[in-house]
Amino acid sequence: MEAIMMINRIALLVLIATGMVLGACSSTMITGSWKNPDFTGRVEKIYVVGIAKQETTRRIFEDGFSKQLATLGATGIPSYGDLKINDETDQDVIAARIEAKGADSVLMARAINSRTEQVVNPGYVSAPAYGGRGYYYPDPYYRHYGGYYARSYDVVYQPATVSEYQIVTIEANLYSAASGELIWSAQLETVVEANLDALINDFIAVVTKDLKDKGLL
């Protein structure tokens, strides 16, 4: 299990580095997902509950998730209009709201961990006469100061840089409204971006794709 988690961690760091170079928009990846083998149907009307400290974040997530479900032929019902999430919100209150909306399932998502990762971009030396850009190494003309000085204006040196990224681990669970049993569960890691809308939309796209791939949508 540790080996798999390490591979996923490395993959996410590669995703970050690749995104920097290629401008990739994806900043979320699933580190593991599970579907209840006893559940063989599809969900059509999902009550969406985003558990977040910021109300704005919750609303953006629930509205965005509902819009994405609509494109896949399902109905998403944001819960923020009639359900307040706090320490006093119990199971009976949530069940009553779900029943009132006529949902067949409920999806809950929340952040469970946060950490900072570093991506190191190694420095390089660009010297046209010696094959262009490459990782730093002493060229042959370094052997004498005269050659080094004569070629000094041909060389462009880019120092190594270290970038830090905050990565949040989020879990998403889909439950049956009728039985309350878990239908699907996933754990995801997403890179925190300045653009909150882009981050949430990317997360939603990854989650709904996995639900579709597993035959739930």
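A right-handed β-α-β unit is made by strand 2, helix 2 (residues 55–71) and strand 3; right-handed here denotes a path from the first strand over the helix to the second that runs clockwise with the strands pointing away from the viewer. Helices (H or I, at least four residues) and strands (E, at least two) are DSSP runs numbered from the N terminus. The model is predicted, with local features requiring pLDDT of at least 70 and side-chain atom pairs counted only at pLDDT 80 or more, while totals for chains, interfaces and linings use all residues. Residues are numbered from 1 along each chain as its sequence is written, and side-chain values use heavy atoms, with hydrogens and water left out.

Within this unit, strand 2 (residues 45–51) and strand 3 (residues 75–78) are paired in the parallel sense over four bridges, pairing being assigned if DSSP finds at least two bridges between two strands. Threonine 75 of strand 3 is the bridge partner of lysine 45. Helix 2 comprises 17 residues and spans 25 Å from its first C-alpha to its last, close to the 24 Å expected at 1.5 Å a residue; the expected span is 1.5 Å times one less than the number of residues. Its buried residues (under 20% relative accessible area, 1.4 Å probe, protein chains only) are Arg58, Phe61, Glu62, Gly64, Phe65, Ser66 and Leu69. These buried residues pack against strand 2, strand 3, strand 4 (105–121) and helix 5 (196–213). Just after helix 2, a positive phi of about 85° is found at glycine 73.

An open sheet of mixed pairing is formed by six strands in the order 1-9-8-4-2-3. Strand 1 (28–35) and strand 3 are the edge strands, each pairing on one side only. On average, neighbouring strands of this sheet are turned by 25° against each other, direction ignored. Strand 1 pairs with strand 9 (residues 182–191) in the antiparallel sense over seven bridges, and threonine 28 stands opposite threonine 190 in strand 9. Helix 5 packs on the sheet, touching strand 1, strand 4, strand 8 (161–176) and strand 9, and its direction makes about 145° with that of strand 9. Contact means heavy atoms within 4.5 Å; axes are lines fitted to C-alpha atoms, for helices over the stretch in contact, and angles run from 0 to 180 degrees between N-to-C directions.

The chain has five helices and nine strands. Of its 217 residues, 33% are buried.

Notes
Buried < 20%, exposed > 50% of the residue type's maximum accessible area, 1.4 Å probe, protein only.
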